[in-house]
Amino acid sequence: MASGASGTETARRRRRTTVALKESLRELRNQLSLLNHQVGGRLKLKDVDLDCLELISSAGPLSPSALARRAGLHPATVTGILDRLQRGGWVVRERDPDAADRRAVTVRAVPGRTQELFRVYGGMNSAMDDLCAGYTEEELMLIAGFLRRTAEAGRAATHELSGE
């Protein structure tokens with residue numbers, strides 16, 4: 001009987017820990033959203049513009065249609081975002097020399113401008129360096145793996161909701 005009670009208590013603790021972890025992830029999402037909103041405000045970028053710029057910087061160069069798919073946005077919406085980013089000097093549109101359609105373009109981030117982003121995110125980057133310094137290499141690898149799998153779960157959920 002004691003073994004069953006112990007197992008029940010272990011299962012309860014695990015559920016509580018899992019709930020606390022999910023709550024922490026929601027709080028992290030909220031805080032990062034607030035941070036990104038402040039960064040966007042400093043750089044005169046809308047939140048969605050900053051999101052698309054991040055996608056272009058990390059996965060680019062991209063075609064506008066590929067960006068729309070990755071961002072989960074309507075292509076016409078992406079056109080407006082790219083117009084704003086180009087006017088602000090954040091991205092350039094270039095003809096795609098490899099495309100069969102001569103009108104095809106790719107969008108790439110302007111390298112010099114990304115330094116401006118790094119500067120504004122400097123406080124968060126320093127705080128993350130300080131935080132990571134308190135963990136062992138093995139712990140950091142475990143956390144990084146968890147975050148990668150969490151991001152993949154988010155991508156899968158997004159894909160499911162979008163009906164693709």
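**Domain interface and charged side chains**

A search of the whole structure, a predicted model, finds zero aromatic pairs, a pair being rings of Phe, Tyr and Trp (its six-membered ring) with centres within 6.5 Å. Local features need pLDDT of at least 70 and side-chain atom pairs count only at pLDDT 80 or more, while totals for chains, interfaces and linings use all residues. Residues are numbered from 1 along each chain as its sequence is written, and side-chain values use heavy atoms, with hydrogens and water left out.

The protein chain is assigned domain 1 (12-43), domain 2 (44-109) and domain 3 (112-163), with bounds from an automatic or database domain assignment. Between domain 2 and domain 3, the C-alpha centres are 23 Å apart. Contact here (heavy atoms within 4.5 Å) links seven residues of domain 2 with five residues of domain 3. The two domains bury about 460 Å² between them, 68% of it from carbon and sulfur atoms; this is the accessible area (1.4 Å probe) lost on putting the two parts together, summed over both. On the domain 2 side, Leu-50, Gly-89 and Trp-90 lose the most area to domain 3, together 70% of what that side buries. Helix 2 (residues 47-59) provides the largest share of the domain 2 side that touches domain 3, three residues; helices are DSSP runs (H or I, at least four residues), numbered from the N terminus.

Turning to charged side chains, the structure holds seven salt bridges. One of them joins Arg-12 and Glu-9 (3.6 Å, N to O). Both residues belong to helix 1 (residues 2-42), three residues apart, about one turn of the helix.

Definitions and conventions
Rings of Phe, Tyr and Trp (its six-membered ring) pair if their centres lie within 6.5 Å; planes under 30 degrees apart count as stacked, over 60 as edge-to-face and the rest as tilted. Helices (H or I, at least four residues) and strands (E, at least two) are DSSP runs, numbered from the N terminus. A salt bridge is a side-chain nitrogen of Lys or Arg within 4 Å of a carboxyl oxygen of Asp or Glu.
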